[in-house]
Amino acid sequence: MAFQIIINLIIAIMWMFLSESYTFASFIAGYIWGILLVLLLNRFIPGRFYGIRIVKIFKLILLFVKELLLSNLSILKLVYTPKPEIEPGIFALPLEVKSNWGITLLAHLISLTPGTLSVAVSDKNDVLYIHAMDIDEVDKSVKEIKDSFEKAILEVTR
Amino acid sequence: MTGTWIELLANISIILLLLFGSFITLSASIGIIRFPDIYTRLHAATKASTLGVSSILIAAFIFLYVKEDIVSGKLLIGILFIMVTAPVSAHMIGRAAHNSGVKPLTKNRTDAYEEAMQKQQ
């Protein structure tokens with residue numbers, strides 16, 4: 001992936017020299033030409049086309065923003081309920097992502113989703129302990145985390 | 001009249017974003033006071049304040065762009081830093097509290113972390 005980005009940057013700078021205009025706009029134009037070239041010559045360059053991964057990162061960011069808005073709505077509801085009927089507790093979530101980056105990202109996403117807050121990671125990096133606002137909905141939130149976040153992170157980091 | 005309808009739209013969105021951000025931040029503060037224990041308070045502190053502060057920063061970004069023609073990169077980076085640092089600090093505070101023996105307020109004692117720690121010893 002890094003190799004492809006470097007090739008793309010070189011093509012962009014080449015484009016600036018060839019068109020003899022050293023501005024940011026021509027750099028962007030060259031970069032777009034570079035993306036097309038890398039896509040065309042993908043068979044000869046090692047690795048998958050890196051644009052696919054960037055699209056997936058973008059999807060992950062969109063998911064993050066959506067969950068942030070939803071979690072704020074749920075917190076607001078709790079703040080303005082006169083006597084909130086909640087039952088907090090800590091539950092364990094077995095992890096599928098193994099890399100340090102993946103776990104960090106997952107803990108971030110969990111902290112900013114409705115009703116959950118990551119509290120600790122076990123010593124062997126295989127279990128994440130999560131504080132939930134409402135422990136009755138644990139099964140639902142575990143399934144949600146597994147289905148949406150962990151899958152997205154595995155797709156990005158792989 | 002100098003104000004076109006684009007400027008009107010920008011003004012309206014700035015006002016709405018500022019009001020929304022202040023409301024969310026105020027609610028976060030109320031939540032920190034109202035919730036029963038440290039973990040539930042952390043919920044309010046991280047989630048609500050992240051969204052509140054970032055929408056205020058976005059409003060400032062739009063204001064600077066429309067009125068002064070400045071694309072302020074500092075504000076965008078500020079949003080990124082808040083989104084990265086707030087969950088980290090919440091995680092650290094929660095872990096520190098748990099390690100120093102603050103029990104989460106539960107009815108049925110559902111605390112998987114404490115059970116795991118006891119099993120280890």
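Me: What makes an area "buried" between two chains, and how much do chain A and chain B bury?

Reply: Buried area is the accessible area, taken with a 1.4 Å probe, that two parts lose on being put together, summed over both. By that definition chain A and chain B bury about 3,200 Å² between them, with 69% of it on carbon and sulfur atoms. The model is a predicted one, in which local features need pLDDT of at least 70 and side-chain atom pairs count only at pLDDT 80 or more, while totals for chains, interfaces and linings use all residues. Residues are numbered from 1 along each chain as its sequence is written, chains are lettered from A and ligands numbered from 1 in the order in which they are written, and side-chain values use heavy atoms, with hydrogens and water left out.

Me: How many residues are in contact across the two chains?

Reply: Contact means heavy atoms within 4.5 Å. Under this rule 38 residues of chain A are in contact with 37 residues of chain B.

Me: Why is the pair Glu7(B) and Lys67(B) called a salt bridge?

Reply: A salt bridge is a side-chain nitrogen of Lys or Arg within 4 Å of a carboxyl oxygen of Asp or Glu. The structure holds 1 salt bridge over all chains.

Me: Why are Glu7(B) and Lys67(B) called partly exposed?

Reply: Buried means under 20% relative accessible area and exposed means over 50%, with partly exposed in between (1.4 Å probe, protein chains only). Glu7(B) counts as partly exposed because its relative accessibility is 31%. Lys67(B), at 38%, is partly exposed as well.

Me: What makes Ser72(B) buried?

Reply: Ser72(B) has a relative accessibility of 12% and therefore counts as buried. Ser72(B) is placed in the loop between helix 2 and helix 3 of chain B. Leaving aside residues up to four places away in sequence, Ser72(B) touches Phe61(B) and Leu64(B). In chain B, buried residues make up 35% of the 121 residues.

Me: How do you know whether Leu78(A) and Trp101(A) are buried or exposed?

Reply: Leu78(A) has a relative accessible area of 16% and is therefore buried, whereas Trp101(A), with 69%, is exposed. Leu78(A) is found in helix 3 of chain A, and Trp101(A) in helix 4 of chain A. Not counting residues up to four places away in sequence, Leu78(A) touches Pro84(A), Ile86(A), Met133(A), Arg34(B) and Phe35(B). The C-alpha atoms of Leu78(A) and Met133(A) are separated by 9.7 Å, although the two residues are 55 residues apart along the chain.

Me: What makes a space a pocket, and what is the volume of the largest pocket?

Reply: On a 1 Å grid over the protein atoms alone, a cavity is a set of points where a 1.4 Å probe fits but cannot get out, whereas a pocket is an open set with protein on both sides within 12 Å along at least five of seven lines; lining residues have an atom within 4 Å of a point. Grid points are joined across faces, edges and corners, and a volume is the space filled by probe spheres set on the points. The largest pocket has a volume of about 820 Å³. Its lining comprises 23 residues, with Ile61(A), Phe64(A), Leu80(B), Met83(B) and Val84(B) nearest the centre. Helix 3 of chain A supplies the largest share of this lining, 7 residues.

How values were computed: Helix = DSSP H or I, 4+ residues; strand = E, 2+ residues; numbered from the N terminus.
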